[in-house]
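Trainee: I am new to this structure. Please take one part and look at it closely with me.
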Amino acid sequence: MNSATVRNLLVRGMLAGLAAGVLALVVAYFLGEPNVDSAIGFEDAHSHEHEMEVVSRSLQSTAGLATGVLVYGVAFGGIAALAFCFALGRVGRFSPRATALLLSGCALLAVYVVPFLKYPANPPSVGDPDTIGKRTTLYFLMMVLSVLLAVGATILGKRLSPSLGTWYATVVAVAAFAVAIGLAYAFLPVINEVPKDFPATLLWRFRLSALAMQIVLWGGFGLVFGELAQRLLNPKPAAATSGRAVPAAH
Amino acid sequence: MAQSVAQPTATNPVVPATLPLKAIAPWAVFFGILMLILLYFVGAEQGATSVFSGTDVHEWVHDARHLLGFPCH
């Protein structure tokens, strides 16, 4: 029974991730792609060696983009659903829907925003091909570190909450997370490989569109998965959610 | 942990029960690894490291890799 519940949640998580991926794909295509094209235009104008195209631009910006974004959505949807199974009823007295949205918000921060503030997304022509190994290692390291510290901060908050109360325990946990992330930012190496005359506005717009994709992805996931999980776990509609609710006791 | 688990009361009837770790673990291990492999292929294959030779995977997900924030090239 419980194993079946986990399986059902996992399937719903992957489907919600796919749906959120579709939403993020719309943002990527309409907000992100124009910036990718401008950056490639800059690259072509400043480089004299022309590489042979393995995959055409029209495929990269449509089917290729869709493959990447949807697989990313499904994969993180599955992982988030498994994290949801752990978190449900353990992080606090939240309904499945609220737990899902809370988890998505934390995932957006820990998986994307925290690594992004140290190692932001870069458009084509920003980045030295010779340092790809170092940059990839540091990016994944920052991502793993951020997720582990977020889990650690959550556990710390739960441990402290009987003695400090939920409010102060949460404040202490968030502060501990911020200090630990600050130390990681301070000690991990800086990477700045933006070409000298690369347009600053293009870099800014590219990074904003990358951030917008993630906000839509995780926001969409939290809402869709929360709805699916709520219906799976609380099949009877709660009185408080229907239009003609009986006045609740509180 | 036990005291924070669902205690249905009149004012808060919808606090969910926790799922036992034993039920989650096999799914988490198997699908967790599978999902991480998918992320590897979207985010890093034929960039920093390669399982397959060539650049087809890299070129196919090129735009997604840039826009999803992974270091690309």
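In which hand, left-handed or right-handed, does α2(A) pass α6(A)?

Mentor: Some ground rules come before the answer. Residues are numbered from 1 along each chain as its sequence is written, while chains are lettered from A and ligands numbered from 1 in the order in which they are written. This is a predicted model, where local features need pLDDT of at least 70, side-chain atom pairs count only at pLDDT 80 or more, and totals for chains, interfaces and linings use all residues.

Now the crossing. α2(A) passes α6(A) in a right-handed crossing (the near helix is turned clockwise from the far one by less than a right angle). Helices are DSSP runs of H or I, at least four residues, numbered from the N terminus. The two axes come within 11 Å and cross at roughly 50 degrees. Axes here are lines fitted to C-alpha atoms over the stretch in contact, with angles from 0 to 180 degrees between N-to-C directions.

Next, the residues. From α2(A) come A:Gly73, A:Gly77, A:Ala80, A:Ala81 and A:Phe84. They meet A:Leu217, A:Phe221, A:Phe225 and A:Ala229 of α6(A). Contact needs C-beta atoms, placed from the backbone, within 7 Å. This contact has 7 nonpolar, 2 polar and no charged residues. Nonpolar covers Ala, Val, Leu, Ile, Met, Phe, Trp, Tyr, Cys and Pro; charged covers Asp, Glu, Lys and Arg; the others, Gly among them, are polar.

Chain A puts 54 residues into contact with 42 residues of chain B. α2(A) gives the most to chain A's side, with 15 residues.

Definitions and conventions:
Two residues are in contact if their C-beta atoms, placed from the backbone, lie within 7 Å. Helices (H or I, at least four residues) and strands (E, at least two) are DSSP runs, numbered from the N terminus.
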